[in-house]
Structures are given as C-alpha cells and as structure tokens.
Amino acid sequence: MELNRHQSFLIGNYAPPAIEIVRGAGTKIWDSAGKEYLDFTSGIAVTNLGHCHQHWVKCIQEQTAKLAHCSNLFSIPEQVSLAERLVSKINPGKILFCNSGAEANEALIKLSRLYGNRGDIKKTKILVASNGFHGRTMGALSATESSKYRGGFEPLLPGFVFCKFNDLAEFKKEIDDQTVAILVESIQGEGGLHVASDAFLQGLQNLCQKHQLLFLMDEVQAGIARTGEFLGYQRSGVYPDAIAMAKGLGGGFPIGAIWVCEKHSSLFIPGSHGTTFGGSPLACSAAHAVLDIIERENLIERAKNLGGILLDGLKQIAANFPSHIDEVRGRGLMLGLQLSFEPAELVSKLRENGLLTVGAAGQTLRMLPPLTVKEEEIMHALKVIGAALSKLDQ
Ligand SMILES: *Cc1c(COP(=O)(O)O)cnc(C)c1O
C-alpha cells in the first residue's frame, strides 16, 4: 500500500490506515497484498448481507441500466414501494429519504423544530443521551456529547441537554416547558454497545406522552435486522414518533430514511426539506435487495441465533481472561467486549491474524459481522480472539 500517496492526497480526518481493501465476498475481504480477512466490521454495520451478495449486485446492475437518478421532481416507483415496505415493518406512518445517518438525524431535529414552532409556541429543547452518537453534521454533532467529535467545532446548535443513558430519573428531571423531544439509540454503537433497557424506553415513552414530546429513536446502527429485530427498539414494545435509519438499509449503497408516525407525518410540507440524491431509483433498488434477502434468508432470526452463538463464545473467552475483559454486551450481531485496556493494540493483533474488528468508546472491542456470517466463521473468529488475548498475556 502506498501510504505516502494516501497521505499526500487525502485530508487527514481519519487515522492513517494499516491496510488497503480491494475486494470482498460474503464475510471475507481481501487487501491489496492478497491477504484474506474475516470482516467483523461490515463497514460499521452497513454490509449486513455480507460483501457483494449476488442478488444485491444484480438489483443494482439492473437498476443502473434502467434508471439511476432522476431527482425528487418526479415520483419514483422504487421509492414509493420501498416506503410502503418500510412502513409495513414499522407502524402506520410515512417515510422521507436521505443519504446517510447524520442526514436522517438532521431530519429528526428539523421535525422537532417544526413540531416545537407551532402557533406562538417556541419549544426547542431536545433531551439526548450522554455517550450517544448521532453523526458529524453540525446539527447531529450538537446532539452528540463527546468532546472527541465536538472538539474545535463550537459553537454548535444550542438546545441539546445530555442525560445519562438508561437513567430515566435524569431525563425526567430535565423536562421543562421548553422541551420538545427526546432522542436516543436503542443500542449505543459508538458509545460502547450499551443496550437501552425495556423499562428505560417504556419510561421515556410515558414521559413523552405525558409532556407531549416527540419520542425519537436513532436506529442508524442497531437497525435493519442487526440485533434480531428489524429495528432494535421493537423488542421493548414501545412506539416512537419518528425513527432515523441508514447504515444497513442500502447494504453498502448510501441511503438514509426517517419514518414518521401518521400523526406527525404532515409537519413537513412541500418545500420545507429536501435532498438531490435522497431516495434515488438506484439507492432504493439497493435497499429493496436488502429487504428481499432479510426476508428470504431469515436474517432477523439468523442475527438472533448466530448472535447467541457469538455471545456464548465471547462469554467463555471473558471467563478465561477475567483480567482483560470486564464485560460482554450487546444484542444479536451487535456485540462488544469491554476491555481493561484501550482496544487499539488488540484490534491490530486480530487484524494481523486475519480478523477485522473495530473499537468503540469505553475501551470496547466491537464486533459487527454480516448477518449472513457462517457458524464456522464465528468459531474461527473466537479462536483468533482467544489466541490474541493469550499472546497479550505474555
Ligand atoms: C453511524 C451513525 C450515525 C451517523 O451516520 P453517517 O451515515 O455516518 O452520517 C448516526 N447515528 C448512529 C447511531 C450511528 O451509528
């Protein structure tokens, strides 16, 4: 790999990469030196079907040859049918398409503004979770507390109040007559695989109903079958008012979306929001292919079952290395090991041994294999992790 050239021409907003990736198939991915890896990052919960799934490739190829883009000046049949399909998996409501997770959260923030600015009411306070992550645009960044992301970008959008995740009392305490919405992830991804308890989400829903706040979920990382539900919150029996989705939705083709419940779906009116690329025929065909495979290959059930196998294996490893691993957490195929040290060295060791993983906040090693991962690939990954930890021991 020509790291010098990489650094000469690319702005240095990412850490210098260790390898250059050129090809993928299923869970496997190859670097430019020909070395093979098991990809337990899935491009950060994006390639949920594995790399280059045949049906997904075919749908994209066919759509590209038919019509790639025409703008939202016109009705796009693939967009209408995708919206219908998403609504059927969530609840009665409507969809707005965009291109990324940050954009989906921007749309939720703008929805909150429209909801808060009714008549002479002007409510702009949004409660969000400490340790959460909602994206890098100025609005989504304002909803993200960590100085790691905010540093150097202030002043940000005012009005966001940070409350401890899973601490209902803290959220309750911060509600006042300026408050308009609550926004949380069902599982904090970047924040370190912290799972929202059912009681927490139910409590937030009750607070939102009582104070007429919008109950907003960021399902950008936990959504699209990853946790053994279509969306992570669905297990908790709650009914959000609006939801942000992206990452896994296009299976590797950029697409984001928000779902808004029927009651609030007319807050956006013609001209009030938009995007050139959002919901293009090509992006929607990629997302249709993702939903096809989730249904055909039972990926929701698979994420639950194979996630159980990976979780059991990680728990066994944690029992063998109690001084290295403090906790195993997550749900489905969104799992993490909380380490007693920064994960960077272990991530490198695993990579050298052919397993790609990614760190998360709070000294967490994150694993996000594709939902099509094979059981023997999980077994192999567990072996690699155990071996790397025993080397760290020496
Ligand atoms: C990745 C992520 C985002 C931002 O998505 P981008 O597509 O990178 O803008 C927002 N929220 C959550 C929970 C995420 O994991």
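Phe171 and Leu201 touch the most other members of the largest nonpolar core, which has 85 residues. Such a core is a set of buried Ala, Val, Leu, Ile, Met, Phe, Trp, Tyr and Cys residues joined through side-chain atoms within 4.5 Å, where buried means under 20% relative accessible area with a 1.4 Å probe, protein chains only. Helix H10 gives this core its largest share, 10 residues. Another core, of 23 residues, lies apart from it and includes Ile126 and Leu214.

A word on the model: it is predicted, with local features needing pLDDT of at least 70 and side-chain atom pairs counting only at pLDDT 80 or more, while totals for chains, interfaces and linings use all residues. Residues are numbered from 1 along each chain as its sequence is written, and side-chain values use heavy atoms, leaving out hydrogens and water.

Let's turn to the sheet. It is open and mixed, with 7 strands in the order S4-S12-S11-S10-S7-S5-S6; strands pair if DSSP finds at least two bridges between them. S4 and S6 are the edge strands. S7 and S10 run parallel, joined by 5 bridges, and Val184 has Met217 as its bridge partner in S10. Leu201 is in contact (heavy atoms within 4.5 Å) with both Val184 and Met217.

Finally, helix H4 has 13 residues and reaches 19 Å from its first C-alpha to its last. Its buried residues include Leu82, Leu86 and Val87. Among the elements covering the buried residues of H4 are these:

| Element | Residues |
|---|---|
| Helix H3 | 54-66 |
| Strand S4 | 93-98 |
| Strand S12 | 256-261 |
| Helix H10 | 281-296 |

Helices (H or I, at least four residues) and strands (E, at least two) are DSSP runs, numbered from the N terminus.

Conventions: The expected span of a helix is 1.5 Å times one less than its number of residues. Buried means under 20% relative accessible area, exposed over 50%, partly exposed in between (1.4 Å probe, protein chains only). Lists of a residue's contacts leave out its neighbours within four places in sequence.
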